Every structure is written in structure tokens, then in C-alpha cells.
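Student: Could you take me through the salt bridges here, and take a close look at how one group of them is put together?

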Amino acid sequence: MEIDRRTFLALAAAATAFRPDRAMAEQEALFLGARLNAGGFEAAVIDATGRDRLVLPLEARGHSFAIDAPRRRAVAFARSPGRFAIAFSIDGKGEPLAFAPPSDRHFYGHGVFTPDGKLLLATENDFEGERGITGLYDATAGFRRIGEFGTGGIGPHEVILLGDGKTLCVANGGILTHPDYERVKLNLATMKPSLSYIDLETGEITEQAELAPELHKLSLRHMTLDRFGAVWFGAQYQGEDDARPPLVGRHRRGEAIELFPGPEATLKALDNYIGSVATDSTGEIVATSSPRGGLAVFWDAQTGRCLGERTLKDGCGIAPLADHRLLGTSGRGAIVRTGPDAPLETVRVTDPGAPAWDNHLRRV
């Protein structure tokens with residue numbers, strides 16, 4: 001039977017779009033999240049259907065994770081100003097190992113492994129010195145702390161590793177806190193948020209990007225890398241309630257920070273708060289979540305154009321699935337699939353007894 005060229009091209013495109021390896025990869029993908037369950041605080045490893053694969057009790061509220069995927073291990077961090085971290089096997093092998101920073105430091109909830117898995121780097125607060133630091137932990141020797149270097153700012157939050165494998169990017173939120181005052185913000189009038197690029201070998205800050213002075217209350221918090229190597233970030237505004245500064249931005253090294261406000265109604269709905277940032281598996285779609293606004297908003301990584309939004313009540317955790325899809329979690333117990341070009345799909349039905357998921361969801 002002969003077919004015309006248009007029909008042939010359509011069939012060929014459909015065949016190309018179906019990639020069994022990607023479908024299989026999504027089915028086998030694992031995700032890490034912190035949550036509150038009936039029995040207390042937990043770190044959980046789940047699959048793409050929302051099913052628990054591993055549950056690890058935590059002494060208090062968790063935040064995010066550092067993941068060493070080649071060696072199938074991770075570290076769960078306490079929420080700031082917490083002082084515990086727990087290293088564990090993603091597959092449940094062996095005993096978890098708890099460790100802590102020095103007594104005059106606390107964690108900010110984020111960290112990253114070096115590509116060889118030998119070092120863990122964690123954002124920390126030198127609260128007496130009123131400066132942000134990155135703590136260095138020997139992952140080959142029981143996560144013994146072996147040093148630190150400054151982040152060039154106050155309140156460092158998320159840290160990511162760039163594609164070159166030797167440069168860190170740290171989001172300095174700019175907010176001064178002290179554990180004696182819990183989470184009270186002590187320097188709102190003099191905040192100075194920034195992105196710092198740090199050489200892993202020397203600890204030297206090789207580049208720093210700052211916002212315009214009038215945006216000094218825009219605390220830079222969470223980040224992701226797009227497929228083009230640019231850093232995307234989400235911010236939390238600490239100024240006037242009725243102000244609506246852009247909350248999402250992009251930085252390309254050697255250039256100025258770009259900010260993307262998106263539609264006016266969307267910006268207003270975000271309520272001055274971005275809680276998490278991630279890309280889809282292609283790195284072409286950037287997703288930002290706002291638990292305060294109950295929204296996940298999607299952005300074109302190349303142009304910065306807003307691609308739309310999906311309602312996710314009290315939703316914050318987001319992590320990549322297949323092309324243009326992400327897995328999301330909420331404080332109301334929901335686990336969903338979402339993206340810019342398809343309706344939100346519930347993976348696990350929310351019920352009164354469901355675990356309340358915390359801020360972040362990380363894909364292994």
C-alpha cells in the first residue's frame with residue numbers, strides 16, 4: 001500500500017516520539033523528598049508512581065538532599081537552622097550515618113557532591129561571623145568535616161555544580177539570621193543577595209552577579225541549570241506586601257542577571273514567593289513553584305517566555321520526568337504529574353492521612 005508524503009512524515013514523527021528507553025527510564029526513576037507523616041518527620045525515596053521505596057526517620061523537619069547517583073547514596077539535610085544531616089543508601093543498603101556541622105555553624109538545607117563522590121559541600125551559616133560559608137566534608141571518611149570556604153555573601157541557600165564539574169554556584173539569599181533568634185530576619189534594610197561562582201579546587205570566587213540596588217530585598221534562594229548552561233533562580237521578596245518585583249531570573253556567566261516577571265496576574269498570584277526551581281529532562285522547560293500561591297509556573301529556558309501555569313495547592317516540590325513533564329508534591333499530600341502543555345494529572349490521591357511533603361523533590 002502506498003502512502004503520501006504527509007502521512008509518512010506523520011508516522012515517522014510518531015515513531016520517533018515513542019522512545020522506549022525514555023519510557024523505561026521514567027518508570028525506573030526514583031525521587032527524594034522530606035515530609036511529615038503520622039509517625040513524625042521522614043525522608044522518603046519514591047518512584048514515579050508515588051510509591052514508597054525507602055523511608056528514613058528524621059529527628060526534625062528536613063529540607064533538601066545532596067545526591068551521589070553513581071554510588072547510589074544521598075544526604076538529607078535539616079531545614080535551616082538545623083544541625084543534622086544523614087547520609088544513606090538510596091537502595092537501603094547498610095546503616096544511615098548522621099553527622100553535624102561545628103557548634104558555631106548550622107546547615108541551610110542544601111548541598112552537593114563532587115563528581116568523584118569524594119567530597120560533600122554544604123551551605124552553612126557562620127552566625128557569629130555573620131557570613132555564609134560552604135562546609136567541606138570527606139565523603140570517604142564518615143563525612144568528617146575537613147574545611148570550609150566563604151560564599152561571598154550572607155545567607156547562602158542552594159548550591160549547584162555547573163556542567164564543567166569544577167565550579168559551584170551558590171545563591172546568597174542575603175538574609176542575616178542567628179539561631180538564638182530562630183528564623184528572625186535581622187538585616188532586611190541592608191540585604192545584598194548575589195550569585196557566587198566558586199572554584200572547587202581553590203575556594204576562590206571567580207565571578208559574582210548582583211541585582212540592581214533597588215531590588216536588594218529580593219532574596220535569591222533556589223536554582224537549576226538549563227540545557228544551555230545558564231543558571232535559573234527563584235527569589236523570595238522581603239519588602240512591601242503590595243510590591244510585585246519579578247521573582248524568576250536567569251544568569252549567563254559574564255553577563256548581567258535577567259529577570260522575567262511573566263503575566264501580571266501570575267506574578268501577583270505567586271505572592272512574592274518561589275519555593276523551588278527545576279527543569280524537565282531536556283533542560284528546555286524551567287518550572288518554578290509557589291506554595292503560597294498554589295501554583296507551578298513554566299518558562300521557556302531559551303527565551304524566558306512564560307509558558308503557562310498549573311494550580312497545585314500548597315505545592316512546592318518539583319523534579320524532572322520525561323520531556324516537558326515534571327513530578328510535583330504538595331503539603332496537602334498530593335503527588336502529581338504536570339507540565340506546560342498538558343492538564344495536571346494526579347499520581348496519588350490526596351486524603352486526610354496522606355504525608356505532608358516539604359519544599360523539595362529531587363530526582364536521583
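Tutor: A salt bridge here is a side-chain nitrogen of Lys or Arg within 4 Å of a carboxyl oxygen of Asp or Glu. Before going on, keep in mind that this is a predicted model, where local features need pLDDT of at least 70 and side-chain atom pairs count only at pLDDT 80 or more, while totals for chains, interfaces and linings use all residues. Residues are numbered from 1 along each chain as its sequence is written, and side-chain values use heavy atoms, with hydrogens and water left out.

Glutamate 124 forms a salt bridge with arginine 145, and their closest N and O atoms are 2.7 Å apart. This pair links distant parts of the chain, since glutamate 124 is in strand S9 (residues 119-126) and arginine 145 is in strand S11, 21 residues apart. (Strands (E, at least two residues) and helices (H or I, at least four) are DSSP runs, numbered from the N terminus.) Glutamate 124 has a relative accessible area of 0%, so it counts as buried, whereas arginine 145, with 23%, is partly exposed. Those words have cut-offs: buried is under 20% relative accessible area, exposed is over 50%, and partly exposed is in between, using a 1.4 Å probe and protein chains only.

The other pair is arginine 105 with glutamate 148, whose side chains meet in a salt bridge of 3.1 Å, N to O. Here too distant parts of the chain are linked: arginine 105 belongs to strand S8 (residues 105-113) and glutamate 148 to strand S11 (residues 144-150), 43 residues apart. Arginine 105 counts as buried, with 9% relative accessibility, and glutamate 148 counts as partly exposed, with 26%.

How many salt bridges are there in the whole structure? A search finds 22. One of them is between the side chains of aspartate 358 and arginine 61, at 2.6 Å, N to O. Aspartate 358 lies in strand S28 (residues 356-363), and arginine 61 sits in the loop between strand S3 (52-57) and strand S4 (62-68), so this pair ties together parts that are 297 residues apart in sequence. Aspartate 358 counts as buried, at 12% relative accessibility, while arginine 61 counts as partly exposed, at 31%.
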